[in-house]
Every structure is written in structure tokens, then in C-alpha cells.
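Dear colleague,

Please find below the sequence and the structure that I promised to hand over. My notes on what was found follow directly after.

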Amino acid sequence: MTFRFSFRTIAVGAWLLTSTASALAAQCGTGTFESWLDDFKKEAVAKGISQSAIQAGLNGVTQDKAILARDHSQQVFSQTFEQFSGRMVPPRMTRGSNMMKQYGSVLSRIEETYGVPGEILVAIWGLETDFGVNIGKFPTTRSLATLAYDCRRSDMFKAELMDALRIIDRGDLQPQEMRGAWAGEIGQTQFMPSSYIKFAVDFDNNGKRDLLHNVPDVLASTANFLKSYGWKPGKDWQPGSENFAVLQQWNKSEVYTKTVGYFATQLAHAP
């Protein structure tokens with residue numbers, strides 16, 4: 001979602017910040033972008049990322065001023081729950097219900113493994129990317145490098161760029177297919193690279209954690225995220241509940257979280 005970054009990614013920025021800079025640390029905003037990127041590549045080598053992944057992920061990467069314009073012009077999300085849910089849920093109900101049926105066996109296995117019901121996962125999937133239709137078009141490493149060079153949240157985005165290279169390094173995705181939202185979220189439920197590294201799972205055991213193309217991996221990884229933050233199996237997700245608090249780890253916006261719960265409840269009662 002276009003607004004999601006301001007609520008979720010910034011909120012987790014505090015624990016993404018690196019406490020000390022290494023001797024090789026690329027300093028934001030100083031010198032040219034190209035010289036900064038050269039320093040970042042050296043830092044990546046020092047952190048154990050392979051030369052092949054660094055070359056594949058960063059060669060030819062340039063600064064994108066349009067990304068900076070988007071970042072600097074972010075506005076606080078201000079729609080009410082009634083406005084947002086009314087706009088987002090009804091157009092997605094039929095497709096969401098069909099997805100519940102199409103992936104019913106997968107969703108059942110995911111719930112057995114992680115305790116998260118399918119309607120919650122399908123609701124998130126629908127709200128984030130229209131069930132994988134609109135995953136974003138921005139090259140991930142270019143977006144992250146641009147934001148890391150900028151000094152507003154440099155340490156945070158450097159950490160995310162490093163994790164994007166780790167995704168390439170472990171063979172989950174090829175750099176040319178890593179396209180997503182302007183702030184670096186990738187996949188059908190829009191994981192930042194750090195969350196991808198922590199929570200992505202290879203649910204169909206094909207050797208890759210693919211959150212761009214592989215629906216079982218997408219849904220199971222989303223469930224793994226929620227379980228890791230304390231999802232309580234069999235409990236409700238109404239505002240004030242423990243599971244509602246877990247959903248707010250996914251997105252800090254109360255309006256968004258209430259809409260996930262409302263959408264999931266509608267799916268649970270759909271014929």
C-alpha cells in the first residue's frame with residue numbers, strides 16, 4: 001500500500017539502526033553517489049556478502065531522485081476506518097473468497113503450522129497488493145541505495161540494502177526480478193528485506209523462499225511473521241485483543257489493522 005511505509009517501516013527503524021559505524025562505513029550525503037556506493041560495496045564484502053551478489057545487485061545502480069521526492073512528500077494517512085474499509089474491502093470480497101477456496105488446502109496446512117487462520121492471511125494479501133497483482137515496479141536495490149545515500153534515515157536503509165543483497169546471495173531471488181514499492185517493500189504481501197530475511201519460509205520445499213511468485217511461500221511467510229510476534233491460535237482479532245496488537249506489528253495504523261480484521265471476518269462468513 002502506498003501509505004504503509006510511513007506507519008510500518010519507520011516504526012521499526014529504531015531497531016534497524018546500527019549502533020557503531022565500521023571503518024568502511026559509507027557516509028551518507030558526502031561525495032558523489034557513485035563514491036558512496038563504492039564504499040558501501042566494500043562494507044558489504046566486510047559483512048560477508050559475496051562479490052557475485054554485490055555485483056549482481058549493485059552494478060549499474062544509480063540514484064533515483066523521484067524516490068527522494070516521494071519520501072520527502074509523505075503525508076500522514078488520514079482516512080477514517082469507515083472510509084478506508086468501505087473503499088478497500090467490497091471490491092476485493094469476491095476475489096478474496098475465491099482465493100480462500102483456491103488455496104484452501106494450503107491455508108489449512110499453514111494454520112496447522114503457524115496457528116494463523118487463512119482469512120487473516122488472505123485479507124492482508126488483498127489489501128497489500130490485490131492478491132499479488134500490484135506488487136510495485138520500482139527496482140528494489142535502486143530504491144534502497146537512493147534512500148540510504150540520503151541522510152534522513154541512512155542507517156536504516158543501509159541495513160535494508162544489505163539484507164536485499166543477502167536475499168540475492170542466498171539464491172531466493174534474482175536482482176532483476178526484485179521490484180516492488182518505492183521504499184523497498186517486495187513481494188505479494190510487501191516485506192521489507194529485513195523481514196524477508198527473518199521470516200520468509202520455503203513452504204513448498206522447492207529450495208527458494210520466493211515471496212514474489214510463490215503463493216504458498218507468500219502466505220506461510222506472512223503467517224510466520226505474525227506467529228513470531230505472538231499470534232494466539234483460536235483467539236479473535238478484535239481491537240483490544242492480543243491478536244489485534246500482533247496485527248499492529250504488521251502495520252501500526254489502527255485504521256489499517258481494523259480493516260484487516262473486518263475483511264477477515266467478512267471472509268470467514270462468506271458462502
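**Helix 9 and its partners**

In helix 9, the residues I120, L121, I124 and W125 meet V215, L219, T222, A223 and L226 of helix 13, where contact means heavy atoms within 4.5 Å, and where helices (H or I, at least four residues) and strands (E, at least two) are DSSP runs numbered from the N terminus. Before going further, please note that this is a predicted model, in which local features need pLDDT of at least 70 and side-chain atom pairs count only at pLDDT 80 or more, while totals for chains, interfaces and linings use all residues. Residues are numbered from 1 along each chain as its sequence is written, and side-chain values use heavy atoms, with hydrogens and water left out.

By class, the contact of helix 9 with helix 13 has eight nonpolar, one polar and no charged residues; here Ala, Val, Leu, Ile, Met, Phe, Trp, Tyr, Cys and Pro count as nonpolar, Asp, Glu, Lys and Arg as charged, and the others, Gly among them, as polar. The axes of helix 9 and helix 13 (residues 215-228) come within 10 Å and cross at roughly 110°, the axes being lines fitted to C-alpha atoms, for helices over the stretch in contact, with angles that run from 0 to 180 degrees between N-to-C directions.

On the side of helix 8 the contact is made by L107, I110 and E111, and on the side of helix 9 by G118, L121 and V122. The residues of this contact of helix 8 with helix 9 divide into four nonpolar, one polar and one charged.

In helix 6 (residues 81-88), F81, F84, S85 and M88 are buried, where buried means under 20% relative accessible area, exposed over 50% and partly exposed in between, with a 1.4 Å probe and protein chains only. These four residues cover an arc of only 90° around the axis, which puts them on the same side of helix 6; the arc is that of the directions from the helix axis to the C-beta atoms. The buried residues of helix 6 pack against helix 9 and helix 15 (254-268).

R92 lies in the loop between helix 6 and helix 7 (93-102) and counts as buried, at 14% relative accessibility. Leaving aside neighbours within four places in sequence, R92 is in contact with R87, G126, D130, F131 and F263. F131, which is placed in the loop between helix 9 and strand 1, is buried with a relative accessible area of 5%, and its phi is near 60°, a positive value in a residue other than glycine.

**Other residues to look at**

N224 is found in helix 13 and counts as buried, at 14% relative accessibility. The side chain of N224 reaches the backbone oxygen of F199 at 2.9 Å. Not counting residues up to four places away in sequence, N224 touches Y114, K198, F199 and V201.

Helix 10 (residues 140-149) is mostly covered, since nine of its 10 residues are buried, among them A145, which has a relative accessible area of 0%. A145 and V61 are 84 residues apart in sequence, and their C-alpha atoms are 8.0 Å apart in space. With neighbours within four places in sequence left aside, A145 is in contact with F33, W36, V61 and L161.

Finally, A66 is located in helix 5 (residues 65-72) and is partly exposed, with a relative accessible area of 43%. The C-alpha atoms of A66 and G207, 141 residues apart along the chain, are separated by 36 Å.

With best wishes

Conventions: A polar contact is a pair of N or O atoms within 3.5 Å; within protein, one must be able to donate a hydrogen and the other to accept it, and residues adjacent in sequence count only if both atoms are side-chain atoms.
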